[in-house]
Amino acid sequence: MKDHITSYDSLYESMLKCKKGVTWKPSVKSFVLNGEENILRMKHQHQDGTWKNGKPKTVLITYPKRREALSIPFKDRVYQRSINDNSLYPQMTKGFTYSNCACQTGKGTDFARTLIKKYLWNYYCRYGTKGWIVQVDIHGYYLNMRHSDVERQIRNLTDKDTTEMSCGVLRDQYAGETGYNPGSQMVQIAGISLLNPLDHYIKEQLHVKYNIRYMDDFWILVKTRKQAERVFGEIMKQLQIYGLEANGKKSHITPLEKGFTFLGFDYRLTETGRIIMTLNSDSVKHERKTLVRMVHKSQRGELEPEKVDEHHNSWENNADKGNSYKVKQRTQKYLKQLRKGEEHGSKKNDSDTCGSGRGRKPQSNRRKAEKNH
């Protein structure tokens, strides 16, 4: 397996995947410009044992929450992508439950939202609108992961070569015994695989039919409050085994009739079985603040107006995934109000330009009048 991962063809294919969307970066341009030579050098370094993992740089992410991430050298991303695509990902995800929705081919936020609607409709056909939602959010998930737990999970699910190469990368990038910073594909794999035993425990031991996990967020639907309390308590016990704890503000038990929030949308099941999915108010507030900042930059000439439209269209595309027509209309109206300054500014410039042409004649007539006087 090691020879396949570090072969020229595998590394070259990984380079082509890694460069997508980042060819504007100087480091990527430099590597890709001499790609064949650099890939061949990487291959020889792995063969003769002279390969050394590069040192990542720390970068700050401010949205959706403030946290530190890692910026990894391009050559290391190529190597790690080869490990992931050719061995680590296929072996690790083979034993995942269907309801493990994050960072996998054919899955993601849209898949999780669709699955929630499917579960809600199925539940409504069986039991109606009476039910209980269990939601658990893990506090500081990546920062509190124990390295030994992640390595044990990799060792249990992959072959010897893949375990050695993957754990070697993680040990070189992350010192200490606890905590990972986002920024590496391997960390994403660690995030979706660490709690795989808990997914199976919920499904096979607690016999929960309607459950979803998106990285560190659990969503569970059961029939009675007693069942909900039991499931919630068991999950708390299992998290302690991994040295993790739940976020008290985001982990709770809620009646299905009151609705719930998951992955940026608010859900509500009506008496007729209709599932209403609207954009969460926090997302709307954040978009309005972003529009204010971007429009002001545009009015100062620091940002092109097209960039504002491009950003807002992206936000609207996400809003379209739910029942958010009225929210979109209000936000569009808000954007038009913000842009009144741009319109007035452009009209003023036009009038100044036109006035400079019209104003010459009156000025000359005025001078003639003064001269005659």
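This briefing walks through the cores, helix pairs and a few individual residues of the structure above.

The model is predicted, so to speak of local features takes a pLDDT of at least 70, side-chain atom pairs count only at pLDDT 80 or more, and totals for chains, interfaces and linings use all residues. Residues are numbered from 1 along each chain as its sequence is written, and side-chain values use heavy atoms, with hydrogens and water left out. The largest nonpolar core has 83 residues, and another core of 6 residues lies apart from it.

**Nonpolar cores**

- A nonpolar core here is a set of buried Ala, Val, Leu, Ile, Met, Phe, Trp, Tyr and Cys residues joined through side-chain atoms within 4.5 Å. Buried means under 20% relative accessible area, exposed means over 50%, and partly exposed is in between (1.4 Å probe, protein chains only).
- In the 83-residue core, the members that touch the most other members are Y141, L195, W219, F260 and F262.
- Helix 6 (residues 109-127) supplies the largest share of this core, with 7 residues. Helices (H or I, at least four residues) and strands (E, at least two) are DSSP runs, numbered from the N terminus.
- Take Y141: beyond its neighbours within four places in sequence, it is in contact with A190, G191, L194, L195, R213, M215, D216 and L244. Contact means heavy atoms within 4.5 Å.
- The other core, of 6 residues, sits apart from the largest one and includes L291, M294, V308 and L338.

- Two packed helices are described by the angle between their axes and the distance between the axes. Axes are lines fitted to C-alpha atoms, for helices over the stretch in contact, and the angles run from 0 to 180 degrees between N-to-C directions.
- Helix 12 (residues 281-299) and helix 13 (residues 305-319) have axes that come within 9 Å and cross at roughly 170°. Helix 12 and helix 13 are therefore roughly antiparallel. The cut-offs: under 35 degrees is roughly parallel, over 145 roughly antiparallel, 65 to 115 roughly perpendicular, and the rest oblique.
- On the helix 12 side, the residues are S283, V284, E287, T290, L291, M294, V295 and S298, and they meet P305, K307, V308, H311, H312 and W315 of helix 13.
- That contact splits into 7 nonpolar, 5 polar and 2 charged residues. Ala, Val, Leu, Ile, Met, Phe, Trp, Tyr, Cys and Pro count as nonpolar, Asp, Glu, Lys and Arg as charged, and the others, Gly among them, as polar.
- Next comes helix 14 (residues 325-338), whose axis comes within 11 Å of that of helix 13, crossing at roughly 165°. That makes helix 13 roughly antiparallel to helix 14.
- The crossing of helix 13 and helix 14 is right-handed. A crossing is right-handed if the near helix is turned clockwise from the far one by less than a right angle, and left-handed if anticlockwise.
- V308, H312, W315, E316 and A319 of helix 13 meet V327, K328, T331, Q332 and L335 of helix 14, giving 5 nonpolar, 3 polar and 2 charged residues.

**Helix 5 against helix 8**

- Helix 5 (residues 74-93) packs on helix 8 (residues 160-173) at about 130°, with the axes 10 Å apart, and the two are therefore oblique to each other.
- Helix 5 passes helix 8 in a left-handed crossing. Y79, Q80, I83, S87, L88 and Q91 of helix 5 make the contact with T162, M165, S166, V169 and Q173 of helix 8.
- These residues divide into 5 nonpolar, 6 polar and no charged.
- Q80 of helix 5 is buried, at 4% relative accessible area. Skipping residues up to four places away in sequence, Q80 touches I72, V169, Q173, S184 and M186.

**Loop and strand residues**

- H207 has a positive phi near 60° without being a glycine. H207 sits in the loop between helix 10 (196-205) and strand 4 (210-214) and is exposed, at 64% relative accessible area.
- M215, also not a glycine, has a positive phi of about 60°. M215 is in the loop between strand 4 and strand 5 (217-222) and is buried, at 10%.
- N181 is in the loop between helix 8 and helix 9 (185-193).
- V222 lies in strand 5 and is buried, at 7% relative accessible area.
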